[in-house]
Amino acid sequence: PMQPPRPASFWMKNTLIPLDIIFVGTDRRILNIAAQAVPYSETPLPSAGKVTAVLDLNGGRAAALGIGPGDKVDW
């Protein structure tokens, strides 16, 4: 969780495996997903707006589970 909510951006430097980076908006809905983020890449992967949380999954897992933008996230 991120307080206060803010735009977020991540890179994959020093990350060994592909990840799905899930950006969760202030309404607890998924804003966007940086799917299959490339290991070791220094390319910024930004959120589509202010986020209240970010979740990382193994690359491809979001698609395998049918997770996408607009889906509700609870914790």
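Visitor: What share of the 75 residues in the chain is made up of buried residues?
Guide: In this predicted model, buried residues make up 31% of the 75. To be called buried, a residue must have under 20% relative accessible area.

Visitor: Why is Leu16 called exposed?
Guide: Leu16 has a relative accessible area of 63%. The cut-off for exposed is over 50%, so Leu16 is exposed.

Visitor: Where does Leu16 lie, and which residues does Leu16 touch?
Guide: Leu16 lies in the loop between strand 1 and strand 2. Leaving aside residues up to four places away in sequence, Leu16 touches Pro39 and Tyr40. Contact here requires heavy atoms within 4.5 Å.

Visitor: What makes strand 1 and strand 3 edge strands?
Guide: The 4 strands form an open sheet in the order 1-4-2-3, with antiparallel pairing. Strand 1 (6-10) and strand 3 (30-37) each pair on one side only, and the twist averages 30° from one strand to the next.

Visitor: How do you know that strand 2 and strand 3 pair?
Guide: Pairing takes at least two bridges, and 5 bridges join strand 2 (residues 19-25) to strand 3. In one of them, Ile22 has Ile33 of strand 3 as its bridge partner.

Visitor: Why is the chain called as compact as a globular protein of its length?
Guide: From the N terminus, the elements run β-β-β-β-α. The radius of gyration is 12 Å, close to the 11 Å from the globule rule for 75 residues, so the chain is as compact as a globular protein of that length.

Terms used
Residues are numbered from 1 along each chain as its sequence is written. This is a predicted model: local features need pLDDT of at least 70, side-chain atom pairs count only at pLDDT 80 or more; totals for chains, interfaces and linings use all residues. Side-chain values use heavy atoms; hydrogens and water are left out. Helices (H or I, at least four residues) and strands (E, at least two) are DSSP runs, numbered from the N terminus. Axes are lines fitted to C-alpha atoms, for helices over the stretch in contact, and angles run from 0 to 180 degrees between N-to-C directions. Buried means under 20% relative accessible area, exposed over 50%, partly exposed in between (1.4 Å probe, protein chains only). The radius of gyration is taken over C-alpha atoms; the globule rule is 2.2 Å times the number of residues to the power 0.38.
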